[in-house]
Amino acid sequence: MSDEFGPFPSPIDRLIVQSNNISLERDMFTCQQYTVSKAYSKTTGDRLIVLQPARKSFLSKPNNYTNFIIKCTKLTCPFLLPIVSYTDEEPLMIISDYLKQGSLRDNLKTRNNLSGAQKTIIAISIANAMLYCHHRNVFMPSLTPDIIYITPRGNAKISVIEMFQRPLPPWSAPEIRSINDATTKSDVFLLGFILYELFTGDSPFGNMSDDEIRQNIKDKKRPSVSRLEPQNLSHLIQKCWSHQSENRPTIEEIVRTLESGDVVFPNTDMNEVDYFISKLENRRRKKNMMKTSPTKNQPNAYLHVFMDYNNPTFFSDLVRIEDILDTEDHYQFYYICANHFKAGTPIKVVIAVLEAIRVVLENTIDYTAFNRSNILKLLPYDDEQFDREIFDILNCVFCNSPKSITTDQARVLELLIKRNPSKTIILFAYYCKHLEQISDPWPIIQILIDNVKLFYHSRSGAEYVSTLFFLCFNYQNFYKKNDDIIRQIFCTFLHSEDAGAAKAAYRAVFTLLDPKYQLPFPQIISDVGDTDLSECAISLLLKITNFPVNKLLIDTLLMLSGVRPDAYLLLLRCADTMDGSSILSMDTNWMSSGALTDAECLKLLMVTLKNLQVRKQITSSPLLPNLLNSVLKNDDSQVLICIAKTMQCLNVTRDFLNVLAENSFFKKLLSTIKICSDDIVKSFLIDVISIVSKESYNQEFLTFIDPLMEYLKGSERLMKSSFSALVYLSFHDECAKKMKEKNISDALKKLPSTVIPSDQVQTIISNIQ
C-alpha cells in the first residue's frame with residue numbers, strides 16, 4: 001500500500017483494487033475537479049462507475065481522499081449505490097457498480113417506459129435515501145436524475161460517489177450558493193424537480209441556459225404543473241419548490257405522504273406499491289427491535305428467533321430472511337446457522353437453514369462475514385440428501401467469491417465429484433473464470449486433473465473438457481507444466497461415447513495440436529462417418545500432415561464428398577498418398593456412383609494418377625471411358641483442360657483406344673473441339689489427339705485430319721497444337737494416306753518457319769510419301 005495514501009483503516013482496506021484491473025470505456029461527466037466514467041472490471045467483467053480525481057483537486061490530497069472513502073463506506077442504505085472498491089495509489093479511482101438498467105435520466109429520455117407503479121416506487125426509494133442521509137447529517141446538493149440508477153427490481157439507488165462530487169444543478173434552491181450551504185430543505189427543493197421529471201418526462205426549464213435557469217429560480221419562476229393530474233402530486237411538487245425554505249415539507253412528511261398512497265403517479269398499480277412498502281416495513285420493524293452488543297454467544301435480539309427451530313416464527317422468518325437481515329449481522333447469522341448442522345437436527349430444519357444461507361449469499365456483495373464465520377467448512381457435505389441445497393450455496397460462492405475457496409475444500413470437492421460430477425464441474429467453471437483474483441488457485445485446479453476418470457464416465461464430460469481447455473488456452477504456464485497428462489486426457493475423451501465430450505476434445509486437440517500428441521487414428525477415422533463428430537474428425541485430419549489412410553476412410557469420404565466440401569478436400573488429400581491412390585484404383589466404382597459430380601471425379605482421378613504404379617490399373621477400368629465421355633459434355637474450360645492433363649497420365653494402349661472408340665469418345669472429343677470458342681482450351685483438347693495417337697492407332701483418327709489442317713490457319717498456339725497432332729498422326733499409314741489425298745504439303749509450305757521448325761515439316765512430308 002502506498003505510504004502517501006495509507007494505511008487505510010480496516011475494514012475498508014479490503015476494498016482496495018489495482019488500477020490495471022479496471023478498463024475505462026467513456027466519460028459520463030467531466031469537470032476541473034474530477035471525471036466520472038463508465039468502466040468494466042477485467043477480472044469479473046462487471047460494469048462500473050469510476051470517479052477519478054484530478055491531480056490538483058480537493059480529493060487528490062491524501063487525507064481528503066481517505067476521509068471521503070470512509071464517509072462513503074459508512075452509508076449503507078439499500079437505496080444508495082455504495083462504493084465497491086477503490087485504488088490506494090495513482091491513478092486514484094473510486095468505484096461503484098453500474099446498473100445495466102441505466103440512470104433515471106436514461107429511462108426518462110431514451111425509453112420513458114416506466115409504469116406508474118415504477119415511478120411511485122422510484123420516488124419512494126429516493127425519498128427514503130434522502131431520509132436516511134438526513135438522519136446522518138448528510139445532504140444531496142447534486143441530486144439529479146443523472147446520478148439515480150434503476151435496479152433490476154425497479155426501485156432506485158443514488159450513486160454515493162456522484163452525490164457528493166457533482167456540481168450544483170442550476171435549479172438548486174435559491175438560498176444555495178455552494179455545496180457547503182446544503183440543508184435538508186435544499187434537498188427537498190431538488191426532490192421536487194425529480195418528482196417533476198418523473199411526472200412529465202421533461203427536463204426542467206427545457207433548453208434554457210444555466211444562467212437563465214438560476215435567474216428564473218431567483219425570480220420565483222418554476223415549471224408549470226398546475227394543470228397536471230393528479231392534483232395532489234402537483235401540489236406536493238409546488239410545496240417542495242416553495243421559495244422560502246421553511247414553507248417546504250420535511251423529508252419525513254414526504255415519505256409518509258408517498259408511502260400512504262395519498263400521492264401516486266398516474267396509472268399506478270397499488271398492489272405493486274403495497275408489496276414494495278411491506279418490504280420496507282418489515283425492515284423497519286426489525287430495525288426497531290431492541291439490540292444488544294453482538295458477540296458470539298449473544299447475538300442481536302431479532303436473531304434469537306433463529307437459535308431455536310421450535311420458535312413459532314423460525315421457518316417464516318427464514319423464508320423472508322432477505323427482508324429482515326442487515327449486512328452487519330451476517331456473521332452472527334452464519335454462526336447461528338452452523339449450530340443447526342449438528343447431528344440430530346431435523347432434516348427440514350437443515351434444508352430451511354441452507355436455503356436461507358443461499359438467499360443471503362445471492363444478495364451479498366461482500367463475503368467477508370461469510371469467510372470469517374468458516375461456515376463453508378461446516379456445511380453438511382457428508383449427507384447426500386442436502387446436496388441440492390449445498391450445490392446452490394457453492395454456486396454463489398464459486399461465482400461471486402472464488403477467493404473463499406481454499407485448499408481446505410479439496411476433500412469436499414473430491415467427495416462432490418464422486419456424487420455429482422455434473423454439478424461440480426459447473427463450480428470449477430466459475431472458479432476458472434476468476435483465477436486472477438486468487439493468489440494460488442492451482443491446488444484446486446489439480447483436483448480436476450486427478451479426477452479425470454470420474455468425469456470421463458459421467459454426463460459432464462463436455463463441460464470438463466471445455467473447462468480444462470479454457471485453462472490451457474488462457475494460462476500457458478499451466479499447460480506447459482501439465483502438457484503431457486493433458487494431451488492424454490484430451491485424446492482419451494476422443495473415445496468418449498458422449499458426443500458432446502468428444503466434440504469438446506476435438507476442439508481442444510485441434511487448437512493445441514503439436515507433434516507430441518499421440519492421436520488415436522482408428523477412432524478418428526471411425527468418427528469421420530459419425531453424424532455428430534464427422535466435421536470435427538475431418539477438420540482435425542485436414543490439419544495433420546501425415547495420417548494413415550485405409551479403405552474405411554476412403555469409402556466414408558466418397559459417401560460424404562457429394563454434400564460435404566471438407567470431406568471432398570480430405571478425399572483429395574488421401575488420393576495423393578500411396579495407400580489412398582491404391583485403394584481408389586482397386587475399386588473404381590466411384591467414377592459412376594453418382595456421389596461425385598463428373599468434374600469432382602475427374603479431379604480425383606488426376607490426383608490418383610500421380611501415383612505411377614496405379615496408372616495401368618486405372619486405365620483398364622471399364623468405367624473410365626464413360627467418365628471421360630460424360631465430362632466432355634461440360635462447358636467449363638477448366639474441366640476440359642483437366643481432361644487433357646488426365647489423358648497425359650493414362651496408360652494408352654490399342655485396347656484402351658478401342659474401348660474409347662466403342663464409347664464414341666473420339667466423336668465427342670472432335671465435337672467439343674469444334675464448338676469450343678477458347679483457343680487455349682481448344683489447343684489443350686487437340687493435345688489429347690497427340691497423346692492417344694503417338695501410342696497406338698484407331699480408325700477414328702481419320703476424322704481429326706480435316707479440322708486439324710483447318711486449325712493450321714488459326715492462332716499461333718492453335719497452329720502449334722494442330723501441327724503436333726498431325727505429326728503423330730502421320731506415322732499411321734491410313735492417316736498419312738489421307739493427308740496425301742488432302743494435299744497437306746501445300747498447307748505445310750505456308751506455315752511460318754519461325755513458328756514451325758522446317759525439320760518437323762519434313763517429317764510429315766516423308767511420312768506421307
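This report describes the domains, nonpolar cores and selected helix contacts of a predicted model.

Residues are numbered from 1 along each chain as its sequence is written, and side-chain values use heavy atoms, with hydrogens and water left out. Because the model is predicted, local features need pLDDT of at least 70 and side-chain atom pairs count only at pLDDT 80 or more, whereas totals for chains, interfaces and linings use all residues.

**Domains and cores**

The domain assignment, whose bounds come from an automatic or database source, divides the protein chain into domain 1 (13-97), domain 2 (104-286), domain 3 (518-621) and domain 4 (627-768). The C-alpha centres of domain 3 and domain 4 are 34 Å apart, and 12 residues of domain 3 are in contact with 13 residues of domain 4, where contact means heavy atoms within 4.5 Å.

A nonpolar core is here a set of buried Ala, Val, Leu, Ile, Met, Phe, Trp, Tyr and Cys residues joined through side-chain atoms within 4.5 Å; buried means under 20% relative accessible area, exposed over 50%, and partly exposed in between, with a 1.4 Å probe and protein chains only. The largest such core has 180 residues, and those with the most contacts inside it are Phe306, Phe333, Ile357, Tyr464, Phe490 and Met647. Helix 13 (residues 347-362) gives the most to this core, with 10 residues; helices (H or I, at least four residues) and strands (E, at least two) are DSSP runs numbered from the N terminus. Since domain 3 (518-621) and domain 4 (627-768) both give residues to this core, it lies between them. Phe333, leaving aside its neighbours within four places in sequence, is in contact with Leu303, Phe306, Leu318, Ile321, Leu325, Ala356, Ile357 and Val360. A second, separate core of 80 residues includes Leu131, Ile150, Leu198 and Val273.

**Two helix pairs**

The table gives the axis distance and crossing angle of two pairs, the axes being lines fitted to C-alpha atoms, for helices over the stretch in contact, with angles running from 0 to 180 degrees between N-to-C directions.

| Helix pair | Axes come within | Crossing angle |
|---|---|---|
| Helix 27 (residues 565-575) and helix 29 (residues 598-608) | 8 Å | roughly 25° |
| Helix 23 (residues 499-512) and helix 25 (residues 534-543) | 10 Å | roughly 15° |

Angles under 35 degrees count as roughly parallel, over 145 as roughly antiparallel, 65 to 115 as roughly perpendicular and the rest as oblique; helix 23 and helix 25 are therefore roughly parallel to each other. The contact between them is made by Lys503, Tyr506, Val509, Phe510 and Thr511 of helix 23 and by Cys536, Ala537, Ser539, Leu540 and Lys543 of helix 25.

In the other pair, Tyr568, Leu571, Leu572 and Ala575 of helix 27 meet Glu600, Lys603, Leu604, Val607 and Thr608 of helix 29. Helix 27 is largely enclosed by the rest of the structure, because 8 of its 11 residues are buried, namely Asp566, Ala567, Tyr568, Leu570, Leu571, Leu572, Cys574 and Ala575. These buried residues pack against helix 25, helix 26 (551-560), helix 28 (578-586) and helix 29.

**Two single residues**

Ser234 has its place in helix 7 (residues 231-240) and counts as buried, at 0% relative accessibility. Leaving aside its neighbours within four places in sequence, Ser234 is in contact with Phe199, Val225 and Leu228.

Glu710, found in helix 36 (residues 705-711), is partly exposed, with a relative accessible area of 46%. The C-alpha atoms of Glu710 and Ser722 are separated by 8.8 Å, although the two residues are 12 residues apart along the chain.
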